[in-house]
Amino acid sequence: MSLKFEKFLKANFGNAYIKECTGLFGVPDYVYFAKQDEEVSIISFELKLNNWRRAAKQAFRYKSFSNISYVVLSRKYVNPAINNIDFFKRYNIGLAAFDIQNEFEIFYKPETVEPFSENLNQKLIDFINKNNKKTKNITSIIRSAVEC
Amino acid sequence: MIFSPVNIDADKLLALDVDLKKTGFLDPQLYLLNEAKGTLDTYPYFPGNLKPDFTTPDLDTSQLQLAQLCIDYQIDNDFKYMIIPTRYYVDYPTSYFEQSTDYFVTPFCEYIRAKNIDKKILLSVIVKSIMLSDEEKRNEVLNWITGHQHIDGVYLIFENNFSSKQIKDFDYLLNALKFIKILKDNQMEVHLGYTNTEALLYSIAMPDSISIGSYENLRSFGIKRFQDLESSPMRAPNARLYSSKLLQWIDYDYIQAMKKLIPDYENFFDDSEFKPLMFQPEFKWHFAKPEPYKHYFYIFDKQIKSLPDSQTDRIEQLKSDIKNALILFKRIKDKVLLDDDSDDSHLPTWFNVINAYQIEITK
């Protein structure tokens, strides 16, 4: 699922991502970043086959350095998480499903917020600023003002 | 205070103020016999100083010399207790108790008696999980400990192989309490080493002392601390802060989340002279920074000392503390999604252990 998802991300949102980024709080499977002027927005993804609660705990950690954090589950096992969508809303964690047919569906788009830790956020931004990778279509996974 | 040879040179320890030593004891740390970790080989009784490549069979001929050197060193320091060391094995050999008696208990006790040393003797004992869970093994070790005439008590170490930061195993904790109780019922002094927050729980079995360790590897016993693993990669733990109100160490990165999401987040943490500095935005949190540990020593010492003297009152106090911690955690968990090493998942188990132990002592 991981390789397929990576191909999907690359095709749809560009190559501005870091895979299994270490040295932060937890190890997100993918960290996407979008640079606009001086601003850097960071979206983290935790990819899991099942066990939505464990994935949510990991995704919450990533909010220490990300503006948005998503749990992405296999479509086959996403229903228990959908049944607990309020859990994701309470902690402002995104929920999406992905399958091997490359279908990506978002069930909850979280609010874009400031990361909890300025230090970790800056550490990641410093790393990101060293490369020139570009994102595309990233707004489709970010909640717009109307959706808020 | 328990003095640790792997961390302090033998001569430096000798030069330390006697007042610091006369209420404490030495942990001889012969767990691996001849592994020269840290400053262990600066000690006169270190087996490698008696004979290069010292191995177990050498104990047959050197047991008395080792006992003399180890006891003489303890006397020179004027510690409160004389400690009989123990060996560590991953799987204890069938002859373990017999060997321990021959190599350590008998020569140490005989030498102490021959020198007319008027100090209490503690026997070091590492209790493995199997010795708690298996009744036959438990009885075997308890019979062995209580079967020595000249031993006044035990320096008891519960081996901790749990992957979680807090112990959440009901049977393990209840059996540990029962183990301490049996020793106390047999008029033995019980001094517990290498304990974390569960020291509070163990206190309801009324041991004589409980150690307070700073770093994680001093708050749970693992043999790695005594192995020379210079080439092995070591993963640094995340910085954590202890809260006596929560009965838990909270990962610093969660404290950052609490800061953003809970306006009065500072109130979940105790006041100390170190707190203002640690809560300043520019404080660089790192597991090796001294302030969180100094804060812990201050707070946990106060918490242990505030325990009531009577067992009944102590039990009720701890139950009330756990209930209060669970209420506070509910407030945190409304906003912050904690992982299993910073949350309250150990507390319901602890509460149940206390209730089960209460039934045990009223039998």
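A crossing of two helices is called left-handed if the near helix is turned anticlockwise from the far one by less than a right angle, and right-handed if clockwise. By that rule, helix 4 of chain B passes helix 5 of chain B in a right-handed crossing. This is a predicted model, where local features need pLDDT of at least 70 and side-chain atom pairs count only at pLDDT 80 or more, while totals for chains, interfaces and linings use all residues. Residues are numbered from 1 along each chain as its sequence is written, with chains lettered from A and ligands numbered from 1 in the order in which they are written. Helices (H or I, at least four residues) and strands (E, at least two) are DSSP runs, numbered from the N terminus.

**Helix pairs in chain B**

- The axes of helix 4 (residues 59-77) and helix 5 (residues 96-114) of chain B come within 9 Å and cross at roughly 45°; axes here are lines fitted to C-alpha atoms, for helices over the stretch in contact, and angles run from 0 to 180 degrees between N-to-C directions.
- Helix 4 of chain B brings L59(B), Q63(B), L64(B), A67(B), Q68(B) and I71(B) to the contact, and helix 5 of chain B brings Y103(B), P107(B), F108(B), Y111(B) and I112(B); residues are in contact if their C-beta atoms, placed from the backbone, lie within 7 Å.
- The residues of this contact of helix 4 with helix 5 of chain B comprise nine nonpolar, two polar and no charged (Ala, Val, Leu, Ile, Met, Phe, Trp, Tyr, Cys and Pro count as nonpolar, Asp, Glu, Lys and Arg as charged, and the others, Gly among them, as polar).
- Helix 13 (residues 311-333) and helix 14 (residues 347-361) of chain B pack at an angle of about 160°, their axes 10 Å apart, and are therefore roughly antiparallel to each other.
- The crossing of helix 13 and helix 14 of chain B is left-handed.
- In that pair, I315(B), L318(B), K319(B), I322(B), A325(B) and L326(B) of helix 13 of chain B meet L347(B), W350(B), F351(B), I354(B) and Q358(B) of helix 14 of chain B.
- Sorted by class, the contact of helix 13 with helix 14 of chain B has nine nonpolar, one polar and one charged residues.

**The parallel sheet of chain B**

- Five strands of chain B form an open sheet in the order 3-4-5-6-7, with parallel pairing; two strands pair if DSSP finds at least two bridges between them.
- Strand 3 (81-84) and strand 7 (209-210) of chain B stand at the edges with a single partner strand each, so one side of each is left without a neighbour in the sheet.
- Strand 3 and strand 4 (residues 120-127) of chain B pair over four bridges in the parallel sense, and Y81(B) stands opposite K120(B) in strand 4 of chain B.
- Helix 8 (residues 170-185) of chain B packs on the sheet, where it touches strand 4, strand 5 (153-158) and strand 6 (189-193) of chain B, and its direction makes about 150° with that of strand 6 of chain B.
- Strand 5 and strand 6 of chain B run parallel and are joined by five bridges, with Y155(B) opposite H191(B) in strand 6 of chain B.
- Strand 6 of chain B is mostly covered, as four of its five residues are buried (buried means 20 or more other C-beta atoms within 10 Å of a residue's own, exposed 12 or fewer, and partly exposed in between, with C-beta atoms placed from the backbone).

**Strands of chain A**

- Strand 2 (residues 30-36) and strand 3 of chain A run antiparallel, joined by seven bridges, and A34(A) has S41(A) in strand 3 of chain A as its bridge partner.
- The hairpin of strand 2 and strand 3 of chain A has two residues between the strands, and D37(A) takes a positive phi near 50° there.
- Strand 3 and strand 4 (residues 68-74) of chain A pair in the parallel sense over six bridges, with F45(A) opposite Y70(A) in strand 4 of chain A.
- Seven of the ten residues of strand 3 of chain A are buried, so this strand is largely enclosed by the rest of the structure.

**Single residues to look up**

- N51(A) is not a glycine but has a positive phi of about 55°; N51(A) is partly exposed, with 15 other C-beta atoms within 10 Å.
- L247(B), also not a glycine, has a positive phi of about 50°, and L247(B) is buried, with 25 other C-beta atoms within 10 Å.

Technical notes
Contact = placed C-beta atoms within 7 Å. Parallel < 35°, antiparallel > 145°, perpendicular 65-115°, else oblique.
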